[in-house]
Amino acid sequence: MRVLITGAGGQVGADLIEVLAGRVPAAGAATTLMGQPPVSEGEFEVIACDRSALDVTDAERVRSVIVGAAPDVVVHLAAYTAVDGAESDPEGARAVNEGGTRAVADAATEVGAHLIYVSTDYVFSGDLGRPLVESDATDPKSVYGATKLAGERACPPSASIVRTSWVAGISNRTVINLAVESAAANRPLRFVADQIGSPTASADLAAGLVTFIRKQPAGVFHLAGAGGASWRDVIAYAVEQAGGSGEMVTPIQTDELDPPQAATRPRFSVLVSERLDELDATPLPDWQEGIGRLVHAIKARSS
Ligand SMILES: NC(=O)c1ccc[n+]([C@@H]2O[C@H](COP(=O)([O-])OP(=O)(O)OC[C@H]3O[C@@H](n4cnc5c(N)ncnc54)[C@H](OP(=O)(O)O)[C@@H]3O)[C@@H](O)[C@H]2O)c1
């Protein structure tokens, strides 16, 4: 099966390239394939397009690259992911997240490829205060969330729309790196305790995407680390996994942040799925398992 990946230079892209080659990414585990068979040698031919190879805001180029490659599946990861930056650059965010997705969707449709679009928990307001399923109403509070939702709507009905949340991987510098460094330096941290979501290891998400590439289901699916936590609790857990004390991570409220975050984020956006059963697939592992592996991989890489 020929798989073209947009945004392949990002953290999920880096892990997906490993998984589709039949390797376990640095922070991954062989057991995260949602109960599905392992990737066999030669099962996937991967065309990995980073931004320099394929800028999705260039619709002509998108068409020529995708039609020329004639993939069976397009995994569309390219996105404007600077959540706070998008607030002061809504046109830039819209051009990538909505316009870019429309161009990719049109080209995939033209060539008969199945489209997988990775979306976000930020399409929700998070005001319900309970875990969110695929059929819950969307109501984004940020430019990033609104433009990613517009991207969902630019996809054809046959596409798989895979919403995930709070992704951290080995190839990006994330708050998990900060936790590891702070544990080593015994440096105190402050993180918000009133934003609760589903932390997801990029390697686990990448492994989960294999099921969508193989089965090509239509519609919206939630795919994130199992369970929920506040940012404060995620960072405290990461500090402990790195050998420090979780006590050094002080819980604060969002309105205590100085400077304040430009984008409004959901207060409660734990993602759960009412649809994974349709794929005969098990959920992703608990978030602690994925984040724990990531901490140990970051430590191993820096030692
Ligand atoms: N990270 C999260 O917490 C999270 C949560 C929910 C959903 N998601 C979604 O998951 C997907 C993968 O995200 P990620 O975590 O891997 O983020 P990432 O590391 O920021 O990767 C996104 C990639 O898209 C590329 N890109 C930006 N503008 C582009 C353009 N015009 N044309 C082509 N490529 C472009 C970026 O390139 P540059 O590095 O050159 O900018 C980057 O390599 C995205 O669709 C994102 O919206 C992420």
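## Helix packing and backbone features

The axes of helix 5 (residues 175-185) and helix 8 (residues 287-302) come within 10 Å of each other and cross at roughly 60 degrees. Axes here are lines fitted to C-alpha atoms, for helices over the stretch in contact, and angles run from 0 to 180 degrees between N-to-C directions. Helix 5 is therefore oblique to helix 8; angles under 35 degrees count as roughly parallel, over 145 as roughly antiparallel, 65 to 115 as roughly perpendicular and the rest as oblique. This is a predicted model, in which local features need pLDDT of at least 70 and side-chain atom pairs count only at pLDDT 80 or more, while totals for chains, interfaces and linings use all residues. Residues are numbered from 1 along each chain as its sequence is written. Helices (H or I, at least four residues) and strands (E, at least two) are DSSP runs, numbered from the N terminus.

From helix 5, Ile 176, Asn 177 and Val 180 meet Ile 291, Leu 294, Val 295, Ile 298 and Lys 299 of helix 8. Contact requires C-beta atoms, placed from the backbone, within 7 Å. Six of the residues in the contact of helix 5 with helix 8 are nonpolar, one is polar and one is charged. Ala, Val, Leu, Ile, Met, Phe, Trp, Tyr, Cys and Pro count as nonpolar, Asp, Glu, Lys and Arg as charged, and the others, Gly among them, as polar.

In helix 2 (residues 59-69), the buried residues are Val 62, Val 65 and Ile 66. Viewed down the axis of helix 2, these buried residues fall within an arc of 90 degrees, so they line one face of the helix; the arc is that of the directions from the helix axis to the C-beta atoms. They pack against strand 1 (2-6), strand 2 (45-49), strand 3 (73-76) and helix 3 (90-111). Glu 60 and Gly 68 are exposed, on the face of helix 2 turned away from its buried side. A residue is buried if 20 or more other C-beta atoms lie within 10 Å of its own, exposed if 12 or fewer, and partly exposed in between.

Two residues other than glycine with positive phi are tabulated here.

| Residue | Phi | Loop |
|---|---|---|
| Gln 216 | about 50 degrees | between helix 6 (202-215) and strand 10 (219-222) |

Ala 70 is exposed, with 12 other C-beta atoms within 10 Å. Gln 216 counts as partly exposed, with 17 C-beta neighbours inside 10 Å.

Definitions and conventions:
Two residues are in contact if their C-beta atoms, placed from the backbone, lie within 7 Å.
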